[in-house]
Amino acid sequence: MAEQSLQHWDLFCRVIDNFGDAGVCWRLARQLSAEHHVRVRLWIDDLAPLVAIQPEVNGESLEQSCVGIEICQWPTVFPNAEVADVVIEAFACDLPAPYLAAMEAHGKPIAWFNLEYLSAEDWVSGCHGLPSYRSGGQLKKQFFFPGFTSDTGGLLREADLHERRDHATAPSQKEDNARWLRDLAGTQSIAADAITVFFFTYDHAPLPALLSHWHELQSPVNVLLAPGGAQRLAARWRSEKTATDPDCLLNSRVNLIELPLVPQTDFDRLLWLADVCFVRGEDSFVRAQWAAKPFVWQIYPQTENAHAVKLNAFLDRYLSHSSNPQPIRELWEAWNTPDGMVSGEFTDADVGSAWQNFEKNLDSVASHARQWAGQLDQAGNLANNLVCAAKAFLGSVHL
Ligand code: TRH
């Protein structure tokens with residue numbers, strides 16, 4: 001199979017909720033297009049989250065091109081579309097029946113992958129790459145699992161990410177970063193002598209407990225709040241506090257800073273300039289790891305606490321070589337408890353004391369984060385691995 005036939009990739013994405021489904025697909029599409037120079041077409045059933053993270057995207061357009069990527073709305077009645085050489089079905093979204101029929105009738109090999117959710121669980125490496133056959137064996141779909149070990153699909157990372165991160169976090173960039181943040185937040189009041197903590201959370205995070213803890217101890221904290229859960233929780237905390245005593249926050253050192261949603265290409269910069277990052281879901285969770293910063297993950301809640309197993313699997317892996325795992329585990333567990341998941345019962349007071357312990361050990365937590373980020377490349381790069389897998393498939397006698 002000639003190299004040329006790799007030129008056309010179709011990515012299919014159904015938005016379940018929030019930004020993560022679109023966020024992961026968009027990041028992958030950008031990397032494939034910019035670094036592997038293939039033609040990428042993204043079929044997506046809801047443009048809103050894409051518009052939010054890539055403002056140049058037109059939310060009304062049925063077909064458009066943005067930063068070299070073709071974006072097509074995935075309509076209920078799917079049109080006749082030319083079949084690609086490589087087809088990615090993100091998060092088991094099920095291809096539209098007419099497209100599948102066209103694949104069956106295509107007569108040429110198609111590299112077809114089901115890109116799965118990220119998990120650190122042990123079974124992932126055993127399932128990565130497994131085939132599933134369709135149309136009497138005519139079509140083969142391969143399961144592609146992102147992951148943390150070299151026997152998985154690895155993680156998404158742009159080729160220049162480390163260089164950009166190291167440049168942006170150099171001491172010489174401190175004033176530039178502070179100016180950028182002030183412009184972004186539309187406020188001058190960012191305390192230079194305070195710890196800066198970034199929050200991107202779901203609505204059930206115990207953020208109010210942490211804010212109360214800082215407020216009571218008069219700890220100077222710049223609290224960077226991404227839109228959504230974090231801003232709603234902080235607003236509720238503020239109005240509950242001031243309901244009984246309108247002046248009680250006047251001299252507070254808890255500096256609540258509401259941020260707008262930034263383009264995905266700027267998101268890393270928020271993580272890079274914070275001292276500690278609270279992230280969620282999948283994509284921001286991975287970015288916090290590449291940022292090499294102390295971080296806390298709020299896992300996406302699933303039914304029957306299925307996410308508890310996933311959270312513990314990551315913690316076990318993340319902390320396996322840590323000389324001081326307890327402050328990290330304790331805060332992560334407390335942060336994820338309101339949804340009733342990990343073992344043990346945590347109260348608001350526990351969230352405060354877990355933070356205190358985490359902050360007291362911040363040097364060792366930070367050095368662990370750097371060390372973890374330093375070895376993460378060993379897992380391989382997801383986009384590169386997909387390209388290699390597609391080449392291997394298309395270049396061999398398939399099925
Ligand atoms: O938004 P998320 O919670 O997304 C998801 C979905 O809930 C999905 O259904 C679930 O399966 C998945 O999590 C695990 O969190 P995530 O994955 O971190 O995605 C957020 C994206 O939004 C990420 O690409 C970064 C981007 N983003 C910006 O570009 N700018 C911003 O200002 C912010 C706050 C986020």
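How many Å separate an oxygen atom of the ligand from an N or O atom in the side chain of Y202? The legends below start with that spot in this predicted model.

View 1. The distance is 2.6 Å, running from an N or O atom in the Y202 side chain to an oxygen atom of the ligand. Y202 is also listed with D17, V262, D283 and S284 as the closest residues to the ligand.

View 2. S284 uses its side chain, where a polar atom lies 2.6 Å from an oxygen atom of the ligand. Taken alone, the ligand would expose 720 Å², and the protein buries 97% of that.

**View 3. The ligand in its pocket.** Here you can look at the space that the ligand takes, which is the largest pocket. In total, 23 residues surround the ligand. Sorted by class, this shell holds 12 nonpolar, 6 polar and 5 charged residues.

**View 4. Helices and domains around the ligand.** Three helices each supply at least two residues of the shell: helix 1 (20–36), helix 9 (264–273) and helix 10 (283–291). Helix 1 gives the largest share, 3 residues. Both domain 1 (8–156 + 380–395) and domain 2 (161–378) take part, with at least three shell residues drawn from each.

Methods: Residues are numbered from 1 along each chain as its sequence is written. This is a predicted model: local features need pLDDT of at least 70, side-chain atom pairs count only at pLDDT 80 or more; totals for chains, interfaces and linings use all residues. Side-chain values use heavy atoms; hydrogens and water are left out. A residue is near a molecule or strand if one of its heavy atoms lies within 4 Å of it. A polar contact is a pair of N or O atoms within 3.5 Å; within protein, one must be able to donate a hydrogen and the other to accept it, and residues adjacent in sequence count only if both atoms are side-chain atoms. Accessible areas come from the Shrake-Rupley method with a 1.4 Å probe; for residues, only the protein chains shown count as cover. On a 1 Å grid over the protein atoms alone, a cavity is a set of points where a 1.4 Å probe fits but cannot get out, and a pocket is an open set with protein on both sides within 12 Å along at least five of seven lines; lining residues have an atom within 4 Å of a point. A molecule sits in a cavity or pocket if more than half of its atoms lie within 2 Å of its grid points. Helices (H or I, at least four residues) and strands (E, at least two) are DSSP runs, numbered from the N terminus. Ala, Val, Leu, Ile, Met, Phe, Trp, Tyr, Cys and Pro count as nonpolar, Asp, Glu, Lys and Arg as charged, and the others, Gly among them, as polar. Domain bounds come from an automatic or database domain assignment.
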